[in-house]
Amino acid sequence: MTHEYDETTVHNQLTNSFSCPMKKILLLSLFCLKIALALGQLPNVNAQWQFGMFGNELGEHLMEVIDIDNDGKNEVICSAVSGGDSWNGKEYFYILEYDNNKNTYAFEWISRLFETRISATQFKDLNNDQFLDIIIALQNGHVHIFDGKNRKEVKSLDFGLETINDLLIFDVDNDNQDELVACNNDTTVIYGLNLVKEMEIPMGGSYLQIGNIDTDDNIELVYSSGNIIELTDESYQQQSTFEIYRYSTPFHLVDANQDGIMELVYLTNYDNMVCYNFETNHTFWTLDPNSSVESVKVYDNPLNGLRELYFGTTYDGVMVYNAANGQLIRATHRHHEGVNNMAIGDANNDGQLELVWADGGHCTCEDYLFVYDFDSFTEEWRNFPLNSPFISVVYGDVDNDGEMEYVVAAQSSGSHEGGVINVFNAQDGTLEWRSEAYRYDVSSLKIADINNDGINQLIVGIEFTGYVVPATRLYIYNTSSYTVDHIIELRGSRRTRDIEVADINGDSNNEIIIGTGSGWSSDESFVYILSGQSHSILWQSEKIGRWNSYAYSLEIDNIDNDDALEIVGIEYDHNNDKKGIFIIDGKDYTVLKEDQFNYCSLTTGDYDGDNQLDIIAGTDEGEIVVLNALNLEPSYYMDLESSKIESVGLIKETNDDNSILYSNGTQLKLLNSSRTATTWESDTINGRLGYFNNMCTINRGSSELNEVLIGSDHGIFLFNFNHEEVQVGKYPWRDEMIGILNTPHSDIAQVKISPNPCLEHANISFKTAIAAPAQIEFFSLMGQKIKSHYFLTQTGENQVQINTQGWPQGTYIIKVQQNDVFIANGKLFKINTP
């Protein structure tokens with residue numbers, strides 16, 4: 001659902017009557033317009049604030065404390081698996097920076113959700129700009145490179161491997177130039193930093209270590225499969241093998257006794273770790289950590305002068321050993337959730353070292369990122385365990401203090417907890433309040449004055465499954481103390497999919513409008529209208545459906561210019577696989593419906609500047625349809641994407657034109673109304689961006705500042721559209737656009753059709769300026785060509801008779817071309833009974 005919040009909102013007034021009957025036939029006209037490039041102005045758009053989900057399986061493939069942007073301050077970089085994709089294997093990473101004012105680690109940047117798991121990461125200044133680049137290897141064989149300064153993805157390449165298990169940077173050929181070395185189970189490839197392939201080796205493993213393990217000058221590649229390859233100039237040869245307990249276990253090359261020769265630390269059986277020297281065939285030490293080792297780090301401790309090995313274990317936390325003799329130095333407390341990874345550095349930039357580590361690899365409970373004081377091993381900070389998708393975002397003065405807030409709902413906080421509400425100050429992003437985890441999932445939010453006392457409340461929709469009969473609940477918060485004043489329970493539906501509050505019947509009292517959803521059981525879905533005073537049910541719609549059916553994307557507007565408002569929304573009947581738009585009259589509850597397209601998102605507003613209210617709707621097929629709100633007749637049709645339009649909104653331009661803003665689930669895009677072209681798109685974010693109630697547009701009362709708050713499975717992103725125009729040149733657009741007739745921008749002539757509707761024949765009349773070959777085509781509303789007719793026109797009036805016998809009853813689009821130039825169009829209505 002999308003909301004347009006304006007502190008001086010004025011509803012669009014229409015002069016026509018809502019009582020006009022809705023036409024069943026869609027008055028669409030399709031014409032093909034070839035556009036190779038679209039020349040336009042790009043709004044200056046900034047992603048100025050982000051808040052992320054810490055996720056699951058934290059840091060398993062990336063954990064580092066490093067100054068990535070060369071600003072003199074360290075950042076914490078951590079990978080995670082999206083809570084919405086734990087079983088699908090989609091991963092992302094984020095950058096945290098310590099905020100001294102807030103005494104916490106705040107999200108500085110969040111990557112897109114990758115299509116698969118991260119397998120390895122490295123940091124290297126590849127272009128010599130004095131900034132480190134972040135090199136991400138994915139399990140699908142692709143490598144993505146991000147600029148450390150601006151976080152932009154600057155390169156994506158295929159390493160020619162079906163999968164990548166490990167990636168290292170090392171000068172493997174002793175030419176004083178580092179190389180990128182990647183491997184899978186049976187192949188290793190070596191690339192120069194110019195990203196040109198230099199060598200391929202038919203050997204691989206789950207993990208790879210590189211170093212000199214003997215006294216010669218050649219470099220060895222040591223694999224967790226037990227194989228060792230020695231590189232000599234531009235060739236290689238297998239040197240030896242060794243036995244390792246598990247091919248997938250972490251292992252590490254380290255110069256344990258600091259004599260210039262690397263030793264291998266690896267697992268020989270379930271618990272025993274050994275430090276082995278290949279040159280002397282000597283085992284330096286053997287130790288039993290009493291717990292499986294999940295990760296290994298080597299660190300030269302400046303406090304004691306020792307080279308230390310840090311073992312992240314399954315049950316015993318972090319254990320630290322002297323690399324020279326294998327003696328235990330110290331350990332954190334016992335920890336039964338496993339240690340995925342570790343990093344050491346000055347994480348909070350206070351001049352003191354911290355140990356950063358993450359858990360969650362061996363439990364189904366909440367996953368945490370910890371920051372420990374390095375000297376005392378005492379906890380300094382841990383994250384709040386948000387690890388489930390964001391589901392709803394709203395904007396308003398939730399606590400009635402005169403300042404605006406962003407309110408964000410995560411569907412649940414952890415594997416055994418329900419949803420969590422977060423309230424942020426809209427000026428500086430400070431977290432003002434966070435709820436305790438609900439017992440059940442959160443599904444929707446609304447900020448509104450329910451009982452007309454001038455004080456806003458926060459309404460939270462909860463999926464309640466505590467009864468044999470499913471129910472959904474509304475928690476109404478007194479936000480001065482964030483205590484629950486009322487709980488409204490609606491039996492029979494499982495989820496609250498959307499909430500609106502307005503005086504829809506003109507009685508000076510607000511009503512609560514609720515769209516509910518069913519699950520995969522016997523529950524059902526409805527639209528409810530409740531009294532804001534008594535919370536009693538004033539009206540309930542007919543059943544929408546069962547088995548995951550729902551009503552959502554609610555908007556409130558005065559469509560027919562009477563003394564009552566109307567409710568606009570989308571209903572999905574899963575049983576019949578049908579989605580449609582409905583309008584409910586706020587006075588008599590009359591319902592109009594339109595279901596010719598698979599609508600999945602909508603907003604309302606004056607799209608085309610004709611002072612009439614429009615419904616702008618996205619579809620499952622990637623289309624945007626603009627409908628007249630009075631009669632639900634489509635007036636514009638835009639085929640934009642190959643995937644569904646998750647959310648749609650309007651942004652006011654400085655020239656008073658409205659631009660359509662929409663999400664296709666991966667990116668946020670701006671579609672300018674006057675140019676019918678994409679003028680801006682965000683970086684790829686993924687993660688069902690804008691899903692359900694996860695987008696709201698914000699106008700802070702100035703044409704200079706429009707903002708969009710949008711959520712995904714793994715993050716919340718605030719974009720600022722300040723409309724400071726900058727010339728950006730040409731941008732590629734789609735090869736083909738399908739549009740609608742009778743737009744304010746169209747100068748195409750209209751054909752005359754008689755009779756219309758027609759039964760068996762129709763006469764098509766139009767004028768031409770010259771005599772020349774012409775073609776007239778007929779299309780169904782879904783774009784299927786029904787008939788083509790070729791003829792020679794004469795100067796002036798032309799008439800063609802078309803036989804329509806055998807055509808299905810419905811509406812057809814007429815397009816006339818002369819010398820391949822589109823000259824006229826129209827709409828033909830076909831009936832099969834007089």
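1. In what sense do strand S67 (residues 773-779) and S68 pair, and over how many bridges? The two strands run antiparallel and share seven bridges; strands are counted as paired if DSSP finds at least two bridges between them. Proline 773 has leucine 792 in S68 as its bridge partner.

2. A word on the basis of this note. The model is predicted, so local features need pLDDT of at least 70 and side-chain atom pairs count only at pLDDT 80 or more, while totals for chains, interfaces and linings use all residues. Residues are numbered from 1 along each chain as its sequence is written, and side-chain values use heavy atoms, with hydrogens and water left out.

3. The chain holds 71 strands and zero helices. Both kinds of element are DSSP runs numbered from the N terminus, helices being H or I of at least four residues and strands E of at least two. Of the 834 residues, 60% are buried; buried means under 20% relative accessible area, exposed over 50%, and partly exposed in between, with a 1.4 Å probe and protein chains only.

4. The accessible surface of the chain is about 33,100 Å², and carbon and sulfur atoms account for 44% of that surface. Areas come from the Shrake-Rupley method with a 1.4 Å probe; for residues, only the protein chains shown count as cover. Among contacts between residues at least 6 apart in sequence, 48% join residues at least 24 apart, a contact being heavy atoms within 4.5 Å.

5. S67 and S68 belong to an open sheet of five strands with mixed pairing, in the order S64-S71-S70-S67-S68. Its edges are strand S64 (749-750) and strand S68 (785-792), each of which pairs on one side only.

6. Strand S65 (residues 752-754) pairs with strand S66 (residues 761-768) in the antiparallel sense over three bridges, and a hairpin of six residues joins S65 to S66. Serine 754 stands opposite asparagine 763 in S66. S66 also pairs with strand S69 (residues 796-803), antiparallel over eight bridges; here serine 765 has glutamine 799 as its bridge partner.

7. Another hairpin is formed by S31 and S32, with five residues between them. Strand S31 (residues 369-373) and strand S32 (residues 379-382) are antiparallel over three bridges, and valine 371 is the bridge partner of tryptophan 381. Phenylalanine 377 in the turn has a positive phi of about 55 degrees, a point to check by eye.

8. The whole structure contains 42 aromatic pairs. Rings of Phe, Tyr and Trp (its six-membered ring) pair if their centres lie within 6.5 Å; planes under 30 degrees apart count as stacked, over 60 as edge-to-face and the rest as tilted. Phenylalanine 93 and phenylalanine 146 form an edge-to-face pair because their planes are at 80 degrees, with ring centres 5.6 Å apart. Phenylalanine 93 lies in strand S7 (residues 91-99) and phenylalanine 146 in strand S11 (residues 142-147), so the pair ties together parts 53 residues apart in sequence. Phenylalanine 93 is buried at 0% relative accessibility, and phenylalanine 146 is buried at 3%.

9. The rings of tryptophan 680 and phenylalanine 719 are also edge-to-face, with centres 5.6 Å apart and planes at 65 degrees. This pair links strand S58 (residues 677-681), which holds tryptophan 680, to strand S61 (residues 715-721), which holds phenylalanine 719, across 39 residues. Both residues are buried.

10. Ring pairs also build a cluster whose members include Phe51, Tyr92, Tyr105, Trp381 and Phe424. Elsewhere, the charged end of arginine 497 sits over the ring of tyrosine 550, 5.0 Å from its centre, and arginine 497 also lies over the face of phenylalanine 692, at 4.2 Å from the ring centre. The criterion is NZ of Lys or CZ of Arg within 6 Å of the ring centre and within 35 degrees of the ring normal.

11. There are 26 salt bridges in the whole structure, each a side-chain nitrogen of Lys or Arg within 4 Å of a carboxyl oxygen of Asp or Glu. Lysine 197 and glutamate 200 meet at 2.5 Å, N to O; lysine 197 is partly exposed at 39%, as is glutamate 200 at 44%.

12. Aspartate 620 bridges to lysine 644, the closest N and O atoms being 3.9 Å apart. Aspartate 620 is partly exposed at 25% relative accessibility, and lysine 644 is partly exposed at 27%.
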